Structures are given as structure tokens and as C-alpha cells.
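Hi,

Here is the two-chain model I promised to pass on.

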Amino acid sequence: MTSQYYVPPTSKWPIIAVVVLGSTAVGAGALMSYGSGLPFLLAGLVGIAFVMYGWFRDVVNESMGGLYDSQMDRSFRQGMGWFIFSEVMFFAAFFGALFYIRVFALPWLDGQGAKGITALLWPDFSASWPLMQTPDPSIGGPQAIINPWTLPLINTLLLVSSSVTLTIAHHALKAGERVKLRNWLIATLVLGLVFLVIQGIEYVEAWTQLGLTLQAGIYGSTFFLLTGFHGLHVTIGAIVLAVLLVRVLKGHFSADNHFAFEAGAWYWHFVDVVWIGLFLFVYVF
Amino acid sequence: MASETSQATLHSSVSDVAAGGAAHASHGPTGLLRWLVTTNHKEIGSLYLIFSLVMLFIGGSMALVIRAELFQPGMQYVQPEFFNQMTTMHGLIMVFGAIMPAFVGLANWMIPMQIGAPDMALPRLNNFSFWLLPVAFGILLSTLFMEGGGPNFGWTFYAPLSTTFAPPSTSFFIMSIHLAGISSILGAINIIATILNLRTPGMRLMDMSLFVWTWLITAFLLIAVMPVLAGVVTMMLMDINFGTSFFDAAGGGDPVLFQHLFWFFGHPEVYIMILPAFGIVSLIVPTFARKRLFGYASMVYATASIALLSFVVWAHHMFTVGLPLTAELFFMYSTMLIAVPTGVKVFNWIATLFRGSITFEVPMLFALGFIVMFTIGGLSGVMLAIVPADFQYHDTYFVVAHFHYVLVPGALFAIMAAVYFWLPKWTGHYASETLGKWHFWLSVIGVNLTFFPMHFSGLAGMPRRIPDYALQFADFNMISSIGGFLFGFSQLIFVWVVIKAVRGGRKAPAKAWEGAEGLEWTVPSPAPLHTFDTPPAYDPQTDSPSRH
């Protein structure tokens, strides 16, 4: 235990963060509800990038200035750990929705099981997964879905390898081998970026050729929300990796003190694990 | 903005008093800017408490609009559309704007002082968590003035009322929920990191005060379920704006899916609003009974059991929606099981009182009121858990009576008790006992006049959330409305009590209550702006609430 836990003096970043996040929320709300508000949304998004740069720069400088002790390190670790747990629960909501629809709601709409009387709504409907024909035909399902053994399989290999390369980089950091650290971190980042490019190609193909869109019934809804939020998290993770790379190039992090690197690695592994769930339950089964 | 400035002015006097009592001079910017950039847990705690008090009065005014309209049958003052907005906004503001921030404010003030920490673990994040709230609720309240009006689908915002048939402002509502949710999650992360990492050397987990314990478990619940709420409002947003089919059976979705996801969040949420109250009462009862808490360890385990059970009871809110029989049975029994750990708590409080040397200062009055009236709400909860009975009670005023008993003389009374209990520590002055007693007794009379008759109107079949009713419910509603106005205006006494204590009054020593225990009573009253820059000495043999 220490007697010098670092309590920062006043900081302007949180209130600026509130303003830009508020601007984003108002802009997005106004755009969706009443069709105007784009300037607020864009200003907010730019502002978020600005705040994250400034706030994290302060934290990095404090850390490099030796203000943090091992107790502070534990606060950060616990904070990051619980943040990732909150992310797990966010994805759990979408996986829960997927399983509920597949296991309960669709069979009931088809007249099976305990609540089969709902079959009276659309007597011609027959449940299947992937759901190619929605109960109300005017909504319509996708004409086809993504074959899991093509691009998604490649993406799985990419992300799993990237977790391995990141772990190699981490071990290199702990062994003080800076060149190896840099190279394997670059490899991880490249794998992540290729993943995102392939995901983009897959989305274009789904949207333009397979009729698999957000509007394509519940299959399209769950497919795009699950893979979309995952892709967003890969993007965030890639930005984190890029920042880590810059810091590595600047000579930050020591063999025994590199919380930011570990936090980024935890996040990346978490994103990887979510993908395994997606590959299995969205693409394969 | 004008009211915000006066809040800040009122508040700066609070902490000027606090700073004056300490060697520390106030640092950094002054005036309003100081409150915008502060990283001090006491200042942020005060901001949370003042914010929640403002929200209490805004949400309370909406409740009085409802009670005024229901004073007599027939339509009197407002349009049904506006009535729906009032019931919705009243619920949202009280849950997310009044009760939750009040407990977070108490956590901010008291957890570092009770565990001997210099501040919260992540002070800048703490500031961020607070200031998100005024923005979130500013957005929410602004929807009332938008084209098509504000949210009108009930605080539970069931689809498709909140999707297909929602007013256009619903995207704003979703954004405000997102901001409030971010605030809650980050606040909870901060609280957990503080409790697990910043305890003074020697203080083990089983030496922590019950308030700290209940908040630790509450924070876990928040991190577990607020993201699910974020997920479900995101699905709503997509259904409304981007043509997805999550809650639309025509596209293969299911409106009942909304209810499952909402209540998976919603049931732990109601324990988020009561577990810290349990912690507060578990401090106040021993203090004024001048005995140690009976069954410390069982209180901790009961709290944890309630929290874990809260994840497997959600569908008891949905018994009439058409669940399979197995599900109804499972959720009925799991719900009833919650009565066991809750009963453990009530019995422990009573056992603590037994043969105690009891005095009835205002905090104790509110704590005792809590025990009696929360138990009434708990017992009507057991009635509601019974599936066939619930088929009759569902969506009637009986449900309204039930959850108001656990939330008003439950959660809110515990918050009031905490304010009276710790006001001497915060301001250096005792609250007025005379005014406090007036506040307590008028509140007790008002709250029971308001909510007790609702049991009867509910059992007689009066549906909730409807602006008009059949003639046979007229007497009950008139009593409820009179009680509602009495309760509402009694809270002005509370405001006056707090302002008086901030300005002056009987000086409080460091240990403001004879029977009080805990590290917060070892520092001067008012507590200096910075406490425990170095961790205080702590010996579990003599200081732990669980010692033998």
C-alpha cells in the first residue's frame, strides 16, 4: 500500500467530453427524429476524437512522469476489466435476442410448442433458420446468406492469428526485445485491418448481391447488428493498437510497466472471443 | 440555466463551509467553472445529491399532475396524451434521475471516507459520470416540447408502443438513455475499483461497512445490466429508423423479446435502487440502538443472494404476456425465493433493535419507517409473485401501490435517513430535529394516504396509466390525491432543513452520533475537502463492524 495515491487536480477533459458526447447525442437524435442535426453529430464525433486524444495524452504524460504507483495501476486494471465485462453484457443482449428468436419465437410463430396459437397470425409461415421467408411476405427475407466457409473462415483465421501475434509482441515487450515487439505489433494491426477490409467486402456483397440487408427480416437484423457492433469494436481495437504502436515507436512502456499495452491486448482478445461466438452462431450454425 | 446557477451558489456555500473547517484551501478555478472541472469526491457527491433533489421535484411535480387529474373521475385538467407523457416521464425521472443519482451521490461522499481512501479511484471519470446526467435529462425533458410530444409509452417503453406507434422524439429519448447508461456504468466501475483497491491497510472485505458492501454489489449489478438496457434501446432505435425487425413479428421478430430484454435489465435495476438503502439502514439502526449490527455476515450473504437471484426472476413482470407454463412456474418460485434473504435482513434489523438502547432522532425515524413500510411493499411483492393471483393484479393500481411502497417509503426514505444521518458530517451542523420530525411525520402520513388506498383500488380492478376511471374508484382516488399533495409539499420542509443546516445550526463534533462507528466519524465535522491523504490506522479487532 502507498500513502501517495495520485489524485489528479481539476481537469477540463471530462466536461469537454460531456459537451461533445451531448452534441453527438442531440445531433443523432435530431437527425433520426426530425431529419436535421448532422452538424451537431459531426462536430460531436470530431470532438470525441479530440477529447480522447487530449485526455489520454494527459494520462500518458502523468504515467511517464512517474506519478502512478502500483496501486494506481491496479485501479486502471480493475477499471478496464470491468469495462470489458460491461461490453460482454452488451453483446450478451444481442446473442440473447438471437437465441430467443431462433429457439422460441420462430417455432411459436410456426405453431410449434407451448405458444403455438400464434401460428394463427400467419398460417402459411414455416419457421427455419436462416429465416429466408418472413411471416409477412411483404417484408421479405434475404435471397441468400454468406457462406461461412469463404470470407468468414478467412476472417476467423485472421483474428485468431492476430491474437497470437499480439501475445508474441507482449512476450517480446516483457523480454525487452523492442524490435520484435514492434514487428509483431505491426503484424497484429495489419491482420486487424485486413479483417476489416474483408468484412467490408462481405457487407457489400451481402447488401448488393444477396439481398441480405438490415430490412431483410430478423435474419438481417441480427446478422448486421451482431457483426456490425463487432466490426465497430475491431475498429476501436485497431485504433488502440495503432496508438500503442506509436507509443512503442516513441520508446514508451517498460518490461514490467505497460498497463496500456495490456489493456489494449485484453480488449483485442475480447473482440476475438466475440468473433468466435459470431462465427459459430451467426455464420455456421 | 438560472436554477443551475443558484444550485451552484447554494452548493459553493456547502463546500466553503467544508473548506473553512479544514487546513486545505480550495484549489483551482472558482465559481461555476470549479464545479464543472472538479475531481473531488465530496464536491461530485454534492453535485449528484443536488441534481437528484432537483429531479425529485421535477418528477414529483409530474406525479402531482397525475394525482390532480385523478382527483375526480372524468377528464379535468390535461389531455390523455399529456397524461401518458406525465406517467412515463415521472417514472423515468424518478428511477434514473432521482433515486439512482442520489445513491451514487451518497456513495461518492461516503465510500472513500468509510474505507479510508483519499478520493475515488478514478476522479476524472467521476466528474464525467456526473456531468453526463444533466445533459441526459436535459435531452429527455426537452422531448416534452418537441413535435409529437415526449415519451408516452410508460417508463417500461414496451414495443411496439415505443417503436411502431412512438412519437418522433423517441430517438432523443433513446439517446438520453444511452448517456445516462454510460454515466451509470462508468460510475459503477469507479465505485468497484475504489472499494476493491483503495481500502486502508488492514481493512478486509468483511470489515467494510454494510453501506460499502451493498454498493459493491449494486455496482456489479449496474455493470451487468446497464449494457443490456443499452442493447435493447439500440434494437428499438434500429427498428424505428433502419427497418430492422427485432420487435416486429411480421419480420420474424417478437415484441415479447423486448419485454424479456427490458426486464432482464429491469429487475436487477429495482435491486440497484434498494440494496444501497439496505446498507444505509444497516448503519443507522445499530447507531441509534447503540448495539452492533446483528448478523453482519448474514447481511452480506443475503445482499449477494438477492443480487444473484435478481438475474433469474425477470419474467415475473410478464406473467400475463403468454409464457409457457414451465416458465411461469420457474419465475414464480425463483421470485418467492427472494423473500428468504430479504426476510433475513428484516429480522436482523429487528434483532439489532432488540434490547437496544434506542433513541429516536430523525435518521432513526426514517430508518424505522423504512423497515415497516418497505416490508409492506415486500409482502405485496410476494402476493404479486403468485402467478394466478398476478393474473388479477397485473397492470392494476395494486402494482402501483407495491412498487411505490418499496421505492418511496423504501428507497427514498432511506436516502432521507442518510441525509439526516450524514448532514452533520457534510456541513458541520445538525439538521433541525423539530423540522425533521415534522418532515418525517407528514411524509409518513402523506405516503400512506397516497399509496395504501391504491391496494384497494387495484384489487377492485382499477387499471394503471389511465387518465379516467369508473365512479366506484372515486373515493380511493380522492384520498390518494390528497395524500399525494401532502407528501409532495412536505418535501419542501426537507429542502428548508438542508438549507438551514448548510447555513448554520447546532455544531456537530467529529463523532456526531453517540453510537456511530466507522472511519467517517474520526474526521472533523464538516469533513475537510481532502480526507485520508495518507491511509488511516485501522485495527479490525477494535474497528470492524463484524468483530466479536
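**What I found**

In chain B, 82% of the contacts between residues at least 6 apart in sequence join residues at least 24 apart, where a contact means heavy atoms within 4.5 Å. For chain A, residues 24 or more positions apart account for 69% of the contacts with a separation of 6 or more.

Some housekeeping before the rest. This is a predicted model, so local features need pLDDT of at least 70 and side-chain atom pairs count only at pLDDT 80 or more, while totals for chains, interfaces and linings use all residues. Residues are numbered from 1 along each chain as its sequence is written, chains are lettered from A and ligands numbered from 1 in the order in which they are written, and side-chain values use heavy atoms, with hydrogens and water left out.

**The two chains**

Chain B has 18 helices and zero strands. Those are DSSP runs numbered from the N terminus (helices: H or I, at least four residues; strands: E, at least two). Its C-alpha trace spans about 65 × 50 × 45 Å along the principal axes. A compact globule of 548 residues would have a radius of gyration near 24 Å, and chain B agrees with that at 23 Å; the radius is taken over C-alpha atoms, and the globule rule is 2.2 Å times the number of residues to the power 0.38. Of the 548 residues in chain B, 66% are buried. Buried here is under 20% relative accessible area, exposed is over 50%, and partly exposed is in between (1.4 Å probe, protein chains only).

Chain A has seven helices and zero strands. The C-alpha trace of chain A spans about 70 × 45 × 35 Å along its principal axes, and buried residues make up 49% of its 285 residues.

**Where they meet**

The contact between the chains takes 67 residues from chain A and 74 from chain B. Together they bury about 5600 Å², 75% of it on carbon and sulfur atoms; that is the accessible area (1.4 Å probe) that two parts lose on being put together, summed over both. Met32(A), Tyr34(A) and Trp82(A) supply 12% of the area that chain A buries against chain B, more than any other three residues.

On the polar side, there are 15 residue pairs in polar contact between the chains, both residues at pLDDT 80 or more. A polar contact is a pair of N or O atoms within 3.5 Å; within protein, one must be able to donate a hydrogen and the other to accept it, and residues adjacent in sequence count only if both atoms are side-chain atoms. Helices H1 (13-34), H2, H3 (70-109) and H6 (217-249) of chain A each supply at least two residues of the side that touches chain B. The largest share of that side, 22 residues, comes from H3(A). By class, the side of chain A that touches chain B has 45 nonpolar, 17 polar and five charged residues. (Ala, Val, Leu, Ile, Met, Phe, Trp, Tyr, Cys and Pro count as nonpolar, Asp, Glu, Lys and Arg as charged, and the others, Gly among them, as polar.)

**Salt bridges**

How many salt bridges are there over all chains? There are nine, each being a side-chain nitrogen of Lys or Arg within 4 Å of a carboxyl oxygen of Asp or Glu. One salt bridge is counted between chain A and chain B: Arg124(B) with Glu62(A), the closest N and O atoms being 2.7 Å apart. Arg124(B) lies in helix H5 (residues 123-142) of chain B and Glu62(A) in helix H2 (residues 38-64) of chain A, so the pair joins two chains. Both residues are buried.

Within chain B, Arg464(B) pairs with Asp395(B), the closest N and O atoms being 3.8 Å apart. Arg464(B) sits in the loop between helices H16 (433-459) and H17 (474-503), and Asp395(B) in the loop between H14 (387-393) and H15 (397-427), so the pair ties together parts that are 69 residues apart in sequence. Arg464(B) is buried at 15% relative accessible area, whereas Asp395(B) is partly exposed at 36%.

In chain A, a network of salt bridges links Asp73(A), Arg77(A) and Glu262(A).

Cheers
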